[in-house]
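Please open the structure below in your viewer and keep the selection tool at hand.

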Amino acid sequence: MSESADVSPEQIAGLVSAAELPGVPDEFQRLWTPHRMAYIAAGPEPLVEQCPFCAAPGKSDEDGLIVHRGRTAYVLLNLFPYNSGHLLVCPYRHIGLYDEATPEETAEIAELTQTAMRVLRTVSRCDGFNIGMNQGQVAGAGVAAHLHQHIVPRWATDANFFPIIAKTKALPQLLGEVRQAVADGWPA
């Protein structure tokens, strides 16, 4: 920042114009998503070695991104979300298909899905949801061996050109912040 007597309101507030920073300005906008580096660096091998949905309940809620633990199923944030607040409902039991779940598991998965929708509607003020299960690798399941239901909050303004042109999704909140907000909003 310049020591000139002509100080702008932005500089007073601690903001510096990009034109004053080192480097050559260009027309590109940068989307910083450092949390995705863990996914890129790991590749597919960790999923072969250990099921992430079997491992998560053995971690702290913060480390496992868990927002609620039920009797037969639990709710956690998707580590690689489509939108902020993208939740997954998983049975504790390692099963791959919905028709392998017990009546108790299916009932709790349904109950947790409804509660998650209510919490997300309150916490994030979303306008709608995409809810679904990809059953089997051929159907697009990233972790085909462990059943999980996606709950993706949607807003009227959440779509833009990034996913289509750049295969990039802009996420306005960090995972830890979203996990804490959803966990805090979950009914006791």
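Which residue in β5 does L88 stand opposite? Select L88 and you will find H150 across from it. This is a predicted model, in which local features need pLDDT of at least 70 and side-chain atom pairs count only at pLDDT 80 or more, while totals for chains, interfaces and linings use all residues. Residues are numbered from 1 along each chain as its sequence is written, and side-chain values use heavy atoms, with hydrogens and water left out.

Next, select β3 (residues 87–91) together with β5 (residues 149–154), which pair in the antiparallel sense over 3 bridges; strands here are DSSP runs of E with at least two residues, and helices are runs of H or I with at least four, numbered from the N terminus, and two strands pair if DSSP finds at least two bridges between them.

Now select β2, where 5 of the 5 residues are buried (under 20% relative accessible area, with a 1.4 Å probe and protein chains only), so β2 is largely enclosed by the rest of the structure. A73, V75 and L77 point one way from β2, whereas Y74 and L76 point the other way. Across from V75 stands H68, and Y74 stands opposite C90 in β3.

Definitions and conventions. Buried means under 20% relative accessible area, exposed over 50%, partly exposed in between (1.4 Å probe, protein chains only).
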